[in-house]
Amino acid sequence: MVKPDGVTPTFGGTARSLAPGLAAAFGAVVVSLLVHTLLPVVPAMTVAVVLGIAAVNLPGTTALCQGPWRAGLNFAGKHLMRVGIVILGLKLSLGDIMDLGWLSVGLVVAVVLLSFAGTLALGKLFKLDGDTPLLIATGFSICGASAIGAMAAVEGTKHEDTALPVALVTLCGTLAIGVLPLLMTPLGLTPLRFGQWVGAGVHDVGQVVATAQTAGAVALSAAIVIKLTRVLLLAPIVAVTGVIERRRHARSSAHHGGAGSKFPPVIPLFVIGFLLMVALRSTGWLSEGVIETGALLQDIALGAALFGLGSSVRVRELLETGLRATVMALCSWALIAALAFGAVHLMAS
């Protein structure tokens, strides 16, 4: 790449352009982890998104987000998100998932597929533009912002177009933390069934932990295993979408004489990395210290990425253009909660 003045940028120049934004993102991660430590019910990743949204909308930092921080924030939102997705695989053990039994695994898969299809249908019903319905469906049905980042890579979605889906999955996941525990007693759920409901119906891993821990250790354990089963479906859903996109691009290329078409990857390299980390964790070779270190590195990478994505959300523009998407997301949230509730009762039967 050559700048307009004819000077080719050096590695040092690129690093200097990224440094301010990355420093801001990592600073936000520190604040997010401190808030989570003081208030465990508040997920650190939710705090990171909120800090990013605040940074781009408050007068004192708006100019920084639009100017010297922008390159580093965009880098964090794209590349550190992928790093976080790879490390996320260390949380998954195939043995733990198989211990659920085939019926429970099948019901979780059914919830994911039905909520994915239902959210896509809602997106069409509400006439949302571009990749927004697909990204919301992926994030809500699988694992929040991480899934949105993976699907955006396959679709070739612009960085700024992922901001709205990330904001919505954060909003609805935060609502789940406050609302679902209030429904446990009225719905007659035991701690075990409540944990299963949370694991099957809440979006992000951190949001699942924050919601389920209100009902104790049994609920938390059940929620995490079921949630991670949903996370495992990230790879096949992204792969299927990649195949569909490749065929669509191939048809488009043939229609235009085969020129200038770049096929998206069937499975992005970072999703392959995610699967390798799942396989490594499943071997049982890793010590608890290594797994805990991986969890911390994942929090750092995803926290910085979510701060970067949050810094693309302009509240005024969101209110002007995102109302239909917000209503659609709330409908999807209710749909997934209902599907998950039905699955939990089938597990108990």
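This is a predicted model: local features need pLDDT of at least 70, side-chain atom pairs count only at pLDDT 80 or more; totals for chains, interfaces and linings use all residues.
Buried means under 20% relative accessible area, exposed over 50%, and partly exposed in between, with a 1.4 Å probe and protein chains only. Helices here are DSSP runs of H or I, at least four residues, numbered from the N terminus. The buried residues of α10 include Phe 194, Gln 196 and Trp 197. Their cover includes α6, α9, α11, α12 and α17.

Stay with Phe 194. Not counting residues up to four places away in sequence, Phe 194 touches Leu 180, Pro 181 and Thr 211, among others. Contact means heavy atoms within 4.5 Å. Thr 211 sits in helix α11. Thr 211 is buried, at a relative accessible area of 0%. Its contacts beyond four places in sequence include Ala 176, Phe 194 and Val 198.

Now the core. The largest nonpolar core has 98 residues, and Phe 140, Phe 194 and Leu 306 touch the most other members. A nonpolar core is a set of buried Ala, Val, Leu, Ile, Met, Phe, Trp, Tyr and Cys residues joined through side-chain atoms within 4.5 Å. Helix α17 gives this core its largest share, 10 residues.

Next, α17 and its partner α6. Helix α6 (residues 102–125) packs on helix α17 (residues 323–348) at about 160 degrees, with the axes 9 Å apart. That makes α6 roughly antiparallel to α17, a label for angles over 145 degrees. Axes are lines fitted to C-alpha atoms over the stretch in contact, and angles run from 0 to 180 degrees between N-to-C directions. Among the residues that meet are Leu 107 and Val 111 in α6, and Leu 335 and Leu 339 in α17. The contact holds 15 nonpolar residues, 6 polar and no charged. Ala, Val, Leu, Ile, Met, Phe, Trp, Tyr, Cys and Pro count as nonpolar, Asp, Glu, Lys and Arg as charged, and the others, Gly among them, as polar.

Last, Leu 319. It lies in helix α16. Leu 319 is exposed, at 65% relative accessible area.

How values were computed. Residues are numbered from 1 along each chain as its sequence is written. Side-chain values use heavy atoms; hydrogens and water are left out. Helices (H or I, at least four residues) and strands (E, at least two) are DSSP runs, numbered from the N terminus. Angles under 35 degrees count as roughly parallel, over 145 as roughly antiparallel, 65 to 115 as roughly perpendicular and the rest as oblique.
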